[in-house]
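Reader: I'd like to learn how to read a structure like this one feature by feature. Could you walk me through it?

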Amino acid sequence: MNIFEEVKGAGSIGISGHIRPDGDCVGAVMGLYLFLKKVCPGAKVQVLLEKPADIFSCIKDVEEIHTDFTTDIACFDVFFALDTSKDRMGEAEKYFDSAKKKINIDHHISNKGCGDVNDIVPDASSASELVYNAISDKSLLDKEIAKALYIGIIHDTGVFQYSNTSPATLKAAADLISYGFDFPRLIDETFYEKTYVQNQILGRALLESIMFMDGRCVVSMIDRKTMKFYRARPEDLDGIVNQLRNTKGVECAIFMYQTDTLEYKVSLRSNGKVDVAKVAGFFGGGGHVRAAGVTMQGTFYDIINNLSARIEMQLKDKK
Ligand code: 5GP
Ligand code: MN
Ligand code: MN
């Protein structure tokens with residue numbers, strides 16, 4: 001894909017990502033936004049996205065995002081959906097659907113592509129890496145675009161730790177840091193640093209975690225009452241499931257938080273033997289082989305029973 005070619009002649013360009021945007025989503029969207037504002041000075045370029053977490057306020061122009069999803073443009077000439085399939089676009093879906101040209105850039109194996117133009121690469125580390133690749137003329141990059149895309153890559157690779165990190169990912173990152181932003185600080189501030197509440201709730205989730213399936217699975221849950229007690233927001237729970245996955249002997253980690261009386265947002269992580277995209281996909285969610293998610297209805301025990309049946313099916317073939 002060559003973004004510059006795709007937007008030629010467009011008077012209005014919209015950009016969005018998925019609901020509850022993570023670092024890759026925000027990085028890819030903002031990297032593309034800053035790039036398009038620079039190379040299409042005659043076009044109206046707008047981002048319509050849920051408000052990013054406070055840690056992303058270091059990204060240039062993040063305050064320009066239309067977080068209330070209102071816009072003066074009835075029908076965009078081009079609309080980009082990044083890091084998402086249609087089911088997770090939320091309020092942006094209507095703008096994507098009505099756009100004259102829809103472009104979908106994503107790396108989720110569960111996404112078959114929903115645009116007129118699709119750049120879906122399941123092997124790519126992140127949507128941000130795909131945006132980097134789609135900027136063919138690298139002389140058009142600058143420090144702020146590079147910083148946004150770098151944030152996206154470090155978030156989806158766990159700072160180059162997960163198996164989705166490829167030589168191409170590292171080459172892209174090497175090029176990006178050559179633009180001279182303070183990357184060690186960025187990694188600390190957007191990835192490792194936790195607020196007091198985030199650490200407390202992480203500790204609580206670890207303390208209350210339960211091993212099952214002979215120690216091959218671990219699960220933890222935070223209910224609404226506990227969220228309220230700590231005044232925690234969903235983004236304060238990011239990273240808990242990755243910590244659970246680090247438990248020795250564990251093949252599959254499950255973390256969920258309650259979103260309604262009988263509804264939970266489930267995060268799944270695998271150490272390689274279980275394809276969690278398949279598990280989440282079975283219940284209507286999706287993601288990647290080693291990191292996936294889904295929203296499920298029922299009690300905590302219903303959900304664990306349903307999930308463990310699917311996980312066990314995969315594990316029993318792999319002793
Ligand atoms: P997380 O567990 O961090 O929320 O998500 C892990 C991965 O699964 C991410 O790549 C995310 O995009 C994907 N994912 C999480 N929840 C859902 C969901 O409800 N539906 C789909 N299709 N993908 C999800
Ligand atoms: Mn994402
Ligand atoms: Mn992503």
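**Salt bridges first**

Author: K101 and E6 form a salt bridge, with their closest N and O atoms 2.8 Å apart. That pair links distant parts of the chain: K101 sits in strand β4 (residues 101-106) and E6 in helix α1 (residues 3-6), 95 residues apart. One caution before we go on: this is a predicted model.

Reader: What's the general idea behind such a pair?

Author: Side chains of opposite charge can pair when their charged atoms come close. In this case, K101 is partly exposed, with a relative accessible area of 23%.

Reader: How many salt bridges does the count come to?

Author: The count comes to 18 salt bridges, taking a Lys or Arg side-chain nitrogen within 4 Å of an Asp or Glu carboxyl oxygen. Another one joins the side chains of D97 and K86, at 2.4 Å from N to O. D97 is in helix α3 and K86 in the loop between β3 and α3, so this pair ties together parts that are eleven residues apart in sequence. D97 counts as partly exposed at 38% relative accessibility, and K86 counts as partly exposed too, at 27%.

Reader: Which residues are linked in a network of salt bridges?

Author: K51, D54, R233, E235 and D236 are linked that way. Within that group, the side chains of D54 and K51 meet at 3.8 Å, N to O. K51 is exposed, with a relative accessible area of 59%.

**The metal site**

Reader: On to the metals. Which protein donors does the manganese ion (ligand 2) have?

Author: Look for the atoms and their distances, then for where the residues fall in the chain. The donors here are H18 (NE2), D22 (OD), D22 (OD) and D83 (OD), lying 2.1 to 2.6 Å from the manganese ion (ligand 2). Along the chain, they follow the spacing H-x3-D-x60-D.

Reader: Which residues have a positive phi without being glycine?

Author: Check the residue type alongside the angle. F160 is another non-glycine case, with phi near 65 degrees. F160 belongs to the loop between α5 (143-157) and α6 (167-177), and F160 is partly exposed, with a relative accessible area of 24%.

**Reading a helix**

Reader: How do I check the length of a helix, say α8?

Author: Compare its expected span with the distance between its ends. At 1.5 Å a residue, the twelve residues of α8 (residues 196-207) should span 16 Å, and the end C-alpha atoms are 16 Å apart, which agrees.

Reader: Which residues of α8 are buried?

Author: Q198, I201, L202 and A205 are buried. They cover an arc of only 105 degrees around the axis, which puts them on the same side of α8. The face turned away from that buried side carries the exposed residues Y196 and L207.

Reader: What do the buried residues of α8 pack against?

Author: They pack against β7 (217-222), α9 (224-230), α10 (240-245) and β8 (252-260).

**A buried serine and a domain record**

Reader: Where does S128 lie, and what is in contact with S128?

Author: S128 lies in helix α4 (residues 127-134). S128 is buried, with a relative accessible area of 0%. Leaving aside neighbours within four places in sequence, S128 is in contact with D24, G27, A28, L149, G152 and I153.

Reader: Which residues does UniProt list for the DDH domain?

Author: An unreviewed UniProt entry lists residues 13-153 as "domain: DDH". In this model, the end C-alpha atoms of that span lie 24 Å apart, and the span is 30% helix and 16% strand.

Key. Residues numbered from 1 in each chain as written. Chains lettered and ligands numbered in written order. Predicted model: local features only at pLDDT ≥ 70, side-chain atom pairs only at ≥ 80, totals over all residues. Heavy atoms only, no water. Helix = DSSP H or I, 4+ residues; strand = E, 2+ residues; numbered from the N terminus. Expected span 1.5 Å × (residues − 1). Buried < 20%, exposed > 50% of the residue type's maximum accessible area, 1.4 Å probe, protein only. Arc of directions from axis to C-beta. Contact = heavy atoms within 4.5 Å. Donors = N, O, S within 2.8 Å, 3.2 Å for Na, K, Ca; no water. UniProt positions renumbered as here; feature names shortened; annotations may be inferred.
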